[in-house]
Amino acid sequence: MSFRVVRITSRCKLETRLNYLVCMTDKETKVLLDEISILIIETQQACITNGLISELIGHGIKVVFCDAHHNPCGEIVPYAGSQDSYKKIKKQMLWSDPAKKSVWANLVRMKIHNQARLLLKRNEKETALKLKEYENEVELDDVTNREGLAAKMYFAALFGKTFDRRNPSIEVNSYLDYGYSILLSFVNREIASFGYLPQIGIHHIGETNPFNLGCDIMEPFRPFVDAFVVESTINKEDFKGQLLSCFGHEIFCGERKTIFENAIHVFVLSFLKAMDEGNPNSLEEVKFLDEQL
């Protein structure tokens, strides 16, 4: 599996040559396309050839574009991720409501479970125990909104009672937003590569959201980004590079230890299987490595 995350941060021309990405500035840098997992273009002064874009899509490489503030603002989603996309999309459109409600409930339970485990590690035992109660109270489709109640307590315990997740002027929110954006990009890449539509979610149904399904699937992984932010000494001059490194850290997926990025691949596949079969038990569990959590 590809493993390199490539960031373009300064003026350059990007093209392809002999199965390499070629970055030309005052010098020439080459990266083998087969080794690239995701390409993030942060600068507004990069020129990219159509030939390279075609090769990136053909290699299944996710391309993320950033705005003038260097924040992710869009990405490339291929028309077809697999040869049997039509068959996969027909299945997706027939996903049953009971399966959607059951699988969404499992995603919420898993997310709250990982939030509680992180709080335990941070010695926030009282809040963690309350979150464990919420985890056990999640109903089909999370109709009682245990996810929202848990999130309110969780962020207050993790970052302080005055923390406001909606306030863009809080520095920590910049770190979280960037980490979540990259996480969503990884999830979207897997959805597209398996031939499904990222626009059609099971819980998120935003008419202007092109990644509803990705927003559904990413939920149990958010606490891993949170953990990196709260446990690391973040250098605000290079926080993006630091956050990208967290996708190389190890977590558990099912009963196997694997790196974060690989876990996303396995988890998305298990999610699609769960929905196609109408069996929420097919969903692999993702969790922290630390046995003390």
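Which elements of the protein chain have the lowest and the highest mean pLDDT? The structure is a predicted model, in which local features need pLDDT of at least 70 and side-chain atom pairs count only at pLDDT 80 or more, while totals for chains, interfaces and linings use all residues. Residues are numbered from 1 along each chain as its sequence is written, and side-chain values use heavy atoms, with hydrogens and water left out. The pLDDT is the predictor's confidence in each residue, on a scale from 0 to 100. Strand 8 (residues 72–75) has the lowest mean value among the elements, 89, and helix 7 (residues 212–217) has the highest, 98. For the protein chain the mean pLDDT is 93, and 98% of the residues reach 70 or more.

The secondary structure consists of ten helices and eleven strands. These elements are DSSP runs numbered from the N terminus, with at least four residues of H or I for a helix and at least two of E for a strand. Along the principal axes, the C-alpha atoms fill a box of roughly 55 × 45 × 35 Å. The radius of gyration of the protein chain is 19 Å, which agrees with the value near 19 Å for a compact globule of 293 residues. This radius is taken over C-alpha atoms, and the globule rule is 2.2 Å times the number of residues to the power 0.38. Of the contacts (heavy atoms within 4.5 Å) with a separation of 6 or more, 64% are made by residues 24 or more positions apart.

The accessible surface of the protein chain comes to about 14,700 Å², and 49% of that area belongs to carbon and sulfur atoms. Accessible areas come from the Shrake-Rupley method with a 1.4 Å probe, and for residues only the protein chains shown count as cover. A residue is called buried under 20% relative accessible area, exposed over 50%, and partly exposed in between (1.4 Å probe, protein chains only). Buried residues make up 47% of the 293 residues.

The structure holds 20 salt bridges, each defined as a side-chain nitrogen of Lys or Arg within 4 Å of a carboxyl oxygen of Asp or Glu. One of them joins E28 and R17, with the closest N and O atoms 3.1 Å apart. E28 lies in strand 4 (residues 28–32) and R17 in strand 2, so this pair ties together parts that are eleven residues apart in sequence. E28 is partly exposed because its relative accessibility is 42%, and R17 is partly exposed at 30%. Both residues belong to a network of salt bridges that links K13, E15, R17 and E28.

A salt bridge also forms between K111 and E147, at 2.9 Å from N to O. This pair links distant parts of the chain, with K111 in helix 3 (residues 97–121) and E147 in helix 5, 36 residues apart. K111 counts as buried at 8% relative accessibility, and E147 counts as buried at 15%. In the salt bridge between K88 and D84, the N to O distance is 3.4 Å. Here K88 is buried at 16% relative accessibility, whereas D84 is partly exposed at 31%.

Positive phi values occur at two asparagines, N19, near 70 degrees, and N145, about 55 degrees. N19 is placed in the loop between strand 2 (12–17) and strand 3 (20–24), and its relative accessibility of 29% makes N19 partly exposed. N145 is found in the loop between helix 4 (125–137) and helix 5 (146–159), and N145 is partly exposed at 42%.
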